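Colleague: I am new to this structure. Please show me how to read a few of its features.

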Amino acid sequence: MVSGEKVLYEVGDGVATVTLNDPDTRNSLSAELMEGLVSSLQSARDDEEVRCVVLASSHEKVFSSGANLGGFAAEVPLVHKHFASERMMELFKLIGWLGKPTLCAARGHVLAGALGIALACDLIVASEQATFGTPEINVGAFPFMIMALIYRNVPRKKANELLLLGERWSAQQALAAGIVNRVVRAEEFEQAVSEWTLKLARSSPVIMRLGKDAMRRQLDMDLDDALDYLRAQLTLALSTEDIVEGVSAFFEKREPQWSGR
């Protein structure tokens, strides 16, 4: 299925692949591309057959170059620019509350606002040729919209370095800073992405959703509140059919058959 020519959407083996497909602009985050991303992710959220979502790019060297800088200086009312940024905020929230694990397949450069999209995902697999950065400061702008995601993924001093210097980091530097989970050689990239996504897709959908929600909700709680909340989530998980099936399958040395209940 295709959600507009700038974003491709397909489902197979429980994995929804959402592909940025505007190579002429290096997948700049235009209104049309953002609309396609939101629409595709909503489809993945609502499709019970989808167990995992991959964000990828059809461009061999670029995941996305970020927002179109020309829009910053465009002669349109300020309120229109304000409303335009709402789509980015909606996208970050949608990825966070998708209820299904998300993986960013960073084959190439991940820059500016695109870094926020990648960081909103649960996992990032990067090719060794990928780079990561927030170059906005170099053109008199600042990565305001993705700052919250950067500080929730990267240690503070390293986040300061990323935001203030506007330099690009190699995939290995991004790995050391905690931005990516795994760096692989270019020829191993597709296999590495497939390996993780298929593993994620084999998990119980109901337990994965409960776990994903808990991961997000407890993030900014103090310790006592987090422990109380997580205890309640454990009790809720124990009420599902899938946890019984999973434990039974383990002892019976067979593959579990998830009901999603």
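Colleague: How far can the coordinates be trusted, and where is confidence lowest and highest?

Modeller: This is a predicted model. Where pLDDT is low, the coordinates should not be read in detail. Here the chain has an average pLDDT of 90, and 92% of the residues score at least 70. Confidence is lowest in helix H2 (residues 78-84), with a mean of 55, and highest in strand S5 (residues 102-106), at 98.

Colleague: Which residues form the negative surface patch?

Modeller: A residue counts as exposed when its relative accessible area is over 50%. The negative patch consists of Asp222, Asp224, Asp225 and Asp228. Of these, take Asp228, a residue of helix H10 (residues 223-238). Asp228 has a relative accessible area of 55%, so it is exposed.

Colleague: Which residues form the nonpolar patch on the surface?

Modeller: That patch is made by Val247, Phe250 and Phe251, and together they have about 380 Å² of accessible area. Phe251 belongs to helix H11 (residues 241-251). Its relative accessible area is 64%, so Phe251 is exposed as well.

Colleague: Now the loop residue. Where is Glu48 placed, and is Glu48 buried or exposed?

Modeller: Glu48 sits in the loop between helix H1 (31-46) and strand S3 (52-57). Its relative accessibility is 73%, so Glu48 counts as exposed.

Terms used
Residues are numbered from 1 along each chain as its sequence is written. This is a predicted model: local features need pLDDT of at least 70, side-chain atom pairs count only at pLDDT 80 or more; totals for chains, interfaces and linings use all residues. Side-chain values use heavy atoms; hydrogens and water are left out. Patches are made of residues with over 30% relative accessible area and no salt bridge: like charges are joined within 9 Å, nonpolar side chains (Val, Leu, Ile, Met, Phe, Trp, Tyr) within 5 Å. Accessible areas come from the Shrake-Rupley method with a 1.4 Å probe; for residues, only the protein chains shown count as cover. A salt bridge is a side-chain nitrogen of Lys or Arg within 4 Å of a carboxyl oxygen of Asp or Glu. Lys and Arg count as positive and Asp and Glu as negative; His and the chain ends are not counted. The place of a charge is taken as NZ of Lys, CZ of Arg, CG of Asp or CD of Glu. Helices (H or I, at least four residues) and strands (E, at least two) are DSSP runs, numbered from the N terminus. Buried means under 20% relative accessible area, exposed over 50%, partly exposed in between (1.4 Å probe, protein chains only). pLDDT is the predictor's confidence in each residue, from 0 to 100.
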